[in-house]
Amino acid sequence: METWNTPKLKLQAINMKHILIALLLAPLSALHAADASSQKPNIIVIMADDLSHRNLGCYGAVNFETPHLDKLAAGGMRFDHCYSMPLCTPSRVALMTGQHNGRNFSRASTLEADQRTFGDVSKDAGYTTCVVGKWKLTGKSKESTPERFGFDEHCVTEGLRNDSPRYKNPDILRNGKVEKHMGGEYGPDIVCDHAVDFIERRKDKPFLLYYPMVLVHAPLSPVPSSPGYEAADQRTDEKANYPDMVRRMDANVGRIIAKLDALGLRERTLVLFTGDNGSKNGVEMKLKDGTVYPGGKGKTSDTGVHVPLIVNQPGRVPAGVSDALVGFTDFLPTIAEITGVKLTTDIACDGQSFLAHCRGNKDATGREWIYQWFANNPQVDEVVEVVFDREFRLYGDGRFFHWSADLHETMPFETAQLVGPAKAAHTKLLTALQSSRAGFQRPLSE
């Protein structure tokens, strides 16, 4: 007769115990899995400095090496019609606030301290937030520092003054403290190090990382892997330095993606990559079709505002190419939709979300035009207004161009030429121009 001391019965009891434990824990495991799958996605917004869409191989360039971004585009959605402002600060203000510059851009190199940004939106949704890279939004306002705009952490160049060193031996503002580096350190790598560390530390809960890159803005100086980096004169051989800077920019994007891969976060992280304006004047981008696309930074024409937009999230963003029009005021409402935040009156947004296009919804309603209000320094510069679509561009002073066929806008339409598609486009864009002026915080004449 078998008793409880019999090995066979002991084994049966142990097995039954394990089965009961497994049954009890199963609902908890399922709940944990559901929580993980329903968790809001991490968001990483990367913006290169002075980078046209034509700088990248995935947009046709053959004289620059961008393998990490090309791979990101191949596995995600590449937008062919994304447009920034013509210069740095106007782009950053529009991108972060979701508003036209006519509403909130009052002084050069300044984001006014009373503005709310996608950093605030993300914090409202419970995200941990961080900004690394080029700030250059403080201007003459000591209040316009990163923590003022919804960022829990920051590691930035030009955080306190706009002329501080950004490449070799940089000044870094890290969480309110100034670091002066004098040992040959490279600014773009320091801020990228902080970004990688932030991802590591915040991997268990939703985060937003905003990475306005230092590269590839002038001065065109050697990068650490280039000959001449140790030399006292950092501006030698600019023609060779520029491709090296593009390559380094791409490599730092690759570091971010590699960290996400290593932590198993790729499927939980939406990555958006763009540029703040066209490439430096004098830069030539040679394309696969044999043509050359010039840098046009500062211009309101295509070469000054046409920038890349790559969106990648495996399993959520299908591989493809989108023809949707996207402007810089559209980033904030897109981030709001991702995070589940409903925009209220304290963020008077001029943009519209392009998330549906990122998800590959071909039936999604998109923009029919983009409006821009541009002045590098509104206190002294003449304001330029322009509204455009994929083919035509209408200026506030009445100039009208078929820009897709006239890249440098040298042949304005005469009134008699406004027939057919040109006339229809002019009517549409004129209506858009007039409606976009409504709601400005200041008259256009100021």
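Modeller: Before we start, buried means under 20% relative accessible area and exposed means over 50%. Keep in mind, too, that this is a predicted model.

Colleague: Fine. Which residues are buried in helix 2?

Modeller: Helix 2 covers residues 67–74. With that cut-off under 20% relative accessible area, the buried ones in helix 2 are Leu69, Leu72 and Ala73.

Colleague: What arc do they cover around the axis of helix 2?

Modeller: An α-helix has 3.6 residues a turn, so residues three or four places apart point the same way. In helix 2, Leu69, Leu72 and Ala73 are buried. They sit on the same side of helix 2, because the arc they cover around the axis is only 100°.

Colleague: And which residues are exposed on the other side of helix 2?

Modeller: Exposed needs over 50% relative accessible area. On the other side of helix 2, the residues that count as exposed are Pro67, Lys71 and Ala74.

Colleague: What covers the buried residues of helix 2?

Modeller: The cover includes both strands and a helix. Among the elements are strand 2 (77–83), strand 8 (269–275), strand 11 (306–312) and helix 7.

Colleague: Let's go to helix 7, then. At what angle do the axes of helix 6 and helix 7 cross?

Modeller: Helix 6 is residues 187–201 and helix 7 is residues 238–262. Their axes come within 9 Å, and they cross at roughly 15°. Angles under 35 degrees count as roughly parallel, so that crossing makes helix 6 relative to helix 7 roughly parallel.

Colleague: Is the crossing of helix 6 and helix 7 left-handed or right-handed?

Modeller: Here the question is how helix 6 passes helix 7. The crossing is right-handed.

Colleague: How many residues of the contact of helix 6 with helix 7 are charged?

Modeller: Helix 6 brings Pro188, Asp189, Cys192, Asp193, Ala195, Val196, Ile199 and Glu200, and they meet Arg248, Asn252, Arg255, Ile256, Lys259 and Leu260 in helix 7. Of the residues in this contact, 7 are nonpolar and 1 is polar. The charged ones number 6.

Colleague: Arg248 is in that list. Does Arg248 count as buried or exposed?

Modeller: Arg248 is in helix 7. Not counting residues up to four places away in sequence, Arg248 touches Tyr186, Asp189, Leu215, Val223, Pro224 and Ser225. Its relative accessibility is 18%, so Arg248 counts as buried.

Colleague: On to backbone angles. What is phi of Lys136?

Modeller: Lys136 lies in the loop between strand 3 (128–134) and strand 4 (153–157), and at 18% relative accessibility Lys136 counts as buried. Asn169, in the loop between strand 4 and strand 5 (171–174), has a positive phi near 55° without being a glycine. Lys136 is not a glycine either, yet phi is positive, at about 50°.

Colleague: Last one: how far apart in space are Ala438 and Arg103?

Modeller: Ala438 is in the segment after helix 11 (420–436), and with 53% relative accessibility Ala438 counts as exposed. Ala438 and Arg103 are 335 residues apart in sequence. In space, C-alpha to C-alpha, they are apart by 9.9 Å.

Conventions:
Residues numbered from 1 in each chain as written. Predicted model: local features only at pLDDT ≥ 70, side-chain atom pairs only at ≥ 80, totals over all residues. Heavy atoms only, no water. Axes fitted to C-alpha atoms, helices over the stretch in contact; angles between N-to-C directions. Helix = DSSP H or I, 4+ residues; strand = E, 2+ residues; numbered from the N terminus. Parallel < 35°, antiparallel > 145°, perpendicular 65-115°, else oblique. Left-handed = near helix turned anticlockwise from the far one by under 90°. Contact = heavy atoms within 4.5 Å. Nonpolar A, V, L, I, M, F, W, Y, C, P; charged D, E, K, R; others polar. Buried < 20%, exposed > 50% of the residue type's maximum accessible area, 1.4 Å probe, protein only. Arc of directions from axis to C-beta.
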